Each structure stands twice: as C-alpha cells, then as structure tokens.
Amino acid sequence: MDPLLPNPGGQLALDEIVGREREIKRYWRVLDRQSLVLSAERRIGKTQLVKKMHGIPREGFVTVYQDLERVHTRMELVDSIYEAARDHLNASAKVRENILSFWQAYVPKKISATELPEAKAQWKNHLCKAIDAVLDEIPADHKLLLIWDELPLMVDNIQRGEGADAAIQLLDLLRALRATRPRLRFIFTGSIGLHLVLRALRAAGNANAPTNDMLSETVPPMSEAEATELAERLLLSLPFPPKDFRELAATLVERVEGFPYYLHHTVNRLSWLDHQPEPSDLADAIDGLVLADEDPANLAYYRDRLAKHYSSDEARIARAVLNALSHEAQPMPFEALCNLVRHASPEVQDTAVADVCGLLRQDHYLTLEGGASSPRYRYRWAIVKRWWAATQR
Ligand SMILES: Nc1ncnc2c1ncn2[C@@H]1O[C@H](COP(=O)(O)OP(=O)(O)O)[C@@H](O)[C@H]1O
Ligand SMILES: [Mg+2]
C-alpha cells in the first residue's frame, strides 16, 4: 500500500484519488443515455470524483473539465469553453489542434464583437458555436462530455450580475442543446444545490424546470472500504507511522463517516506529533478539527450558507432547528422539533418548520428517518453537529 501525504482541500494527482469506483461506474452508465446533475455538500469529493472520470475517460467519450466557480457572465462561459478545449480536453493532439485553429480564426472577431452592445446579444450563437466546434472535431461515434464543476455558483453569479433573465435564458439554451445534440452530455456538479438557485430564479421570473431532462444524484461519502484504504494510506505517510494503523484507520473512518476531506485534515493534524499516534491523539486531532480557533475545516460555511441562500425568515427557523437538534443524542420527532423551534420564535407555524426542514434535507444538513408515520430528523454529519452545538446559539 502506497503512503499518501495529507492534502486537505488540495487538488490531487490522478493516482492520489482513491476509490469512487462504484459511483464512477454508475455515472458512466447514466451518461450513455443522459446528462447528470451531481450535488452534495462542499468537500465531499465531487471535484476529485469527476476529475478521475476525466482522467480515465470511458471508451467512446471525449471529456472536458471546467471549473465554473469564477465565471460571472455568459460570454465568460464561452471563453472558458474554448480555454478548456485547449487545456483540458481529453482528445488527440490533432483534435486539439483543429479546435485551436478554429478558435484562433474566430477569437479576434468574437472579442471585438462582444464589446458592442448589439453583438452581446450574440452570446447564444457564440455558445453554440463553441460547443459545436468541439463536437465537429471529435470522432463522429464519440460523445462529448462537458464536466461543468460548480455550475450553480456560475448561474448564481450570472443572476446577480446579468440578471435573472440572463440566467434563465442560459439554462434554457443548455437544455435546448442537450435536446438537439445527441452526442452531447453534461455533468453539472454543485455544492450549493441547483434547487436554491432555481428557486431564486423562479421568484424573479419564470424559470421552469431547466434540468429535468438530466438525472439528479447526490454524491455519497466514500464507501467504508475505500475510506479505510484512504485512511490507511494517509496514516502510513506520517513521520511516525503507527504500528496499529489498521485499527486507527477504522476508528478514524467511523468518526468522520467516510468524508475524505476530514480524513485528510485529521491525519494532517497527526503529522505534527513527535511520536506514533495513539487513539487519544486521534481523538484530540478530531476535536481540533471541530473546535480549533482557526476553524481548519471551514465549518462556518454551514452557518454562512444559510445567510446567503435562505430568506431571513427561513434562516431564522433553520438556525432554530439546527440549534435544537445539535443538543439531541437521538433523532427527533417532528412535533418535538416544532415545539423547540417555538421556544425561540413562538409565532412559527408547523408548516414553516416543515418547509425549512425540507430545504435543510436538500442541502444535506439533515436526514429524515422513521418513514411517513413517525418522521424523525437528525444531523447528517456528526462533525457538523458537534461544531454547531459548540459554537452556535
Ligand atoms: N477520492 C478521494 N481520494 C482522496 N482524497 C479525496 C478524495 N475525494 C476527496 N478527497 C479529499 O477531500 C478534499 C475535497 O474534495 P473535493 O473533490 O475538492 O470536494 P468537493 O468538490 O465536493 O468540494 C480533497 O482536496 C482531498 O483532500
Ligand atoms: Mg469541488
């Protein structure tokens, strides 16, 4: 087994991306017939997973990987397609060269043209052309997979900068492209759910369901076997590798519930020790991850996201729900939860609590257990729960 240095939050080389075999196999099967929306909480490993798919593409697919987090306008999206086709296209040098020469012939016109307001309206043509240029160059029996990482953030950026109409038009065009280009596939990944962005768009206009031709999936934590392999490899990279690394790895995986980012972080903290880690060191490292002043795992994200994407009423109820559940050892029945929320805000109705709990489930804060007859809510992640209980009121 090869040791693997901890690199929490960093970009990994292909051979450092452990496992994800089950998900990858399943996603390729879906992509044979349709496009995919992958959502899940930040840092669960979406980017590494899709980069592995890009790094080891399946026969019959040409893939392009694009990080859209910093794209703010529709024209920037067009540019980023060309840039990615140049730098991140998994195709032969010849194909890349052809796309590049098309791009070079086209780009001077495009850039001067986009400065004119009337030509700005041409973004649709530019976008179609960018995608068709790649489709035309790749082998005719190959599909083109555009992996668009953090698409919801881009749509949110566009909505805030160019307006809700612009964002809706873009999503509609992408849908039309999927319907009319049978060799085109997308993976949209997102840490803020597309549902939050669409909700804002619907409030502002008439976004319908612009991705309901795509299959939506939640990326799960790593399987126990894969998380264990990752934990063992990380522990073996320590300056003082523990003899009982298998036992420590099993405990670590259990404590962080197969969340690879926390595995990297915890072992990173263990790397500061001047001795082989003991179980008590492991417990301290996890405590530090949750409670250290500098918030190493950036858990405040779970608080800040509410302020950014929930209305102020929803955020208030959400905080009350999360406060109440953070101090409960057991999953809580809905009625009890409502009563606790009303301790904080007496006027809140059950229906409002139910709506917010629905959002919190979609946003991976909570899970629902017990079926329709006795629904009970609990935190999805023990680490987040501990952080919330210790720091939020
Ligand atoms: N399959 C994996 N193998 C090894 N480490 C991983 C894996 N997936 C995620 N990680 C770790 O978790 C961190 C966050 O993963 P990332 O893919 O960036 O999450 P997301 O895109 O969901 O926010 C990575 O920087 C890495 O430290
Ligand atoms: Mg990512």
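R361 touches L366, T367 and L368 when residues up to four places away in sequence are not counted, a contact being a pair of residues whose C-beta atoms, placed from the backbone, lie within 7 Å. This residue lies in helix α17, residues 350–362, where helices (H or I, at least four residues) are DSSP runs numbered from the N terminus. R361 counts as partly exposed because it has 14 C-beta neighbours inside 10 Å; a residue is buried with 20 or more other C-beta atoms within 10 Å of its own, exposed with 12 or fewer, and partly exposed in between. Along the chain R361 and Y379 are 18 residues apart, and their C-alpha atoms are separated by 9.2 Å.

The model is predicted, and local features need pLDDT of at least 70, side-chain atom pairs count only at pLDDT 80 or more, and totals for chains, interfaces and linings use all residues. Residues are numbered from 1 along each chain as its sequence is written, while chains are lettered from A and ligands numbered from 1 in the order in which they are written.

The domain assignment, which comes from an automatic or database source, is set out below.

| Domain | Residues |
|---|---|
| domain 1 | 20–218 |
| domain 2 | 224–291 |
| domain 3 | 301–391 |

Taken over C-alpha atoms, the centres of domain 1 and domain 3 are separated by 34 Å. Seven residues of domain 1 are in contact with six residues of domain 3, and the side of domain 1 that touches domain 3 has three nonpolar, two polar and two charged residues. In these classes Ala, Val, Leu, Ile, Met, Phe, Trp, Tyr, Cys and Pro are nonpolar, Asp, Glu, Lys and Arg are charged, and the others, Gly among them, are polar.

Helix α11, residues 245–256, has twelve residues and reaches 16 Å from its first C-alpha to its last, close to the 16 Å expected at 1.5 Å a residue, the expected span being 1.5 Å times one less than the number of residues. Within α11, F245, L248, A249, L252, V253 and V256 are buried. Seen down the axis of α11, these buried residues fall within an arc of 135 degrees, so they line one face of the helix; the arc is that of the directions from the helix axis to the C-beta atoms. The buried residues of α11 pack against α10 (224–236), α12 (260–270), α13 (279–291) and α18 (382–391).

Technical notes
Helix = DSSP H or I, 4+ residues; strand = E, 2+ residues; numbered from the N terminus. Contact = placed C-beta atoms within 7 Å.
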